[in-house]
Amino acid sequence: MVAAPSYRAVCPLAVLVLAVLAAGCTPEEQQLRAPSAQRERGRLLLAQYQCGSCHTIPDVQAARGRTGPTLAAFGRRSYIAGQVPNGPEHLVRWIVAPTTLVPGTIMPAMGVSPEDARDMAAYLLALE
C-alpha cells in the first residue's frame, strides 16, 4: 500500500501549479485584468480621438455616432469588423492602422499611437 503524500508535500506543489497557471493567462485574460487607470485613460482617449463621431461607446462623452457599429459589449465580440479575431494584439493594430487588417475598410486611421491604442483597447475589451 502506498502512503498518501503529506500535507507539507502537496501544499508547495499546489502553489507551484497555481503560479504556473496564473502566469500562463491568455492575452485576452491579461487585457481584462488591465489596471483600472489604463482602462480609464483608454476611455478618455476614445473621446479625445473623437471615436464617438462614428460609434456609440458606453460612458464616453459625446460618443453617440451611428456611422460605425456600437461598441457596447465589445469585449464579448468574437471578431473585429466581422473578419479579424478579437483580442488585444489585433485590436491595437486595428485602432492604429485598420486597413492593414481589413483592406478597403471605411474605418479611418486617426493617427493613434500604439501606446494610446493599447489603453483604448483595454477599455473596449473590458466592455461586457
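Start with the largest nonpolar core, which has 25 residues. A nonpolar core here is a set of buried Ala, Val, Leu, Ile, Met, Phe, Trp, Tyr and Cys residues joined through side-chain atoms within 4.5 Å. Buried means under 20% relative accessible area, exposed over 50%, and partly exposed in between, with a 1.4 Å probe and protein chains only. Select L46, I57, L91, I95, M120 and L124, the residues with the most contacts inside this core. Now colour by element: α3 (36-48), α4 and α6 (114-126) are the ones that give two or more residues to this core. Helix α6 gives the most, with 6 residues. Helices (H or I, at least four residues) and strands (E, at least two) are DSSP runs, numbered from the N terminus.

Before moving on, a word on what you're looking at. This is a predicted model, where local features need pLDDT of at least 70 and side-chain atom pairs count only at pLDDT 80 or more, while totals for chains, interfaces and linings use all residues. Residues are numbered from 1 along each chain as its sequence is written, and side-chain values use heavy atoms, with hydrogens and water left out.

Next, pick I95 and show its surroundings. Leaving aside residues up to four places away in sequence, I95 touches V112, A117, M120, A121 and L124; contact means heavy atoms within 4.5 Å.

Stay on helix α6 and select D119, which lies there. Buried or exposed? D119 counts as buried, at 8% relative accessibility. Not counting residues up to four places away in sequence, D119 touches Q38, R41, G42 and L45. Zoom in on R41: its side chain and that of D119 are joined by a polar contact of 2.3 Å. A polar contact is a pair of N or O atoms within 3.5 Å; within protein, one must be able to donate a hydrogen and the other to accept it, and residues adjacent in sequence count only if both atoms are side-chain atoms.

A salt bridge is a side-chain nitrogen of Lys or Arg within 4 Å of a carboxyl oxygen of Asp or Glu. In the R41 and E115 bridge, the closest N and O atoms are 4.0 Å apart. That pair links distant parts of the chain, with R41 in helix α3 and E115 in helix α6, 74 residues apart. Switch to D116, whose side chain meets that of R41 in a salt bridge of 2.8 Å, N to O. Since D116 lies in helix α6 and R41 in helix α3, this pair ties together parts that are 75 residues apart in sequence. Check the surface too: R41 is partly exposed at 33%, E115 is partly exposed at 48%, and D116 counts as buried at 10%.

How many salt bridges are there by this rule? The count comes to 4. For another one, select E40 and R43, whose side chains meet at 2.7 Å, N to O. Both lie in helix α3, 3 residues apart, about one turn of the helix. E40 is partly exposed, with a relative accessible area of 34%.

Last stop: N86, in the loop between β2 (84-85) and α4 (88-96). N86 is buried, with a relative accessible area of 12%, and its side chain reaches the backbone oxygen of F74 at 3.2 Å.
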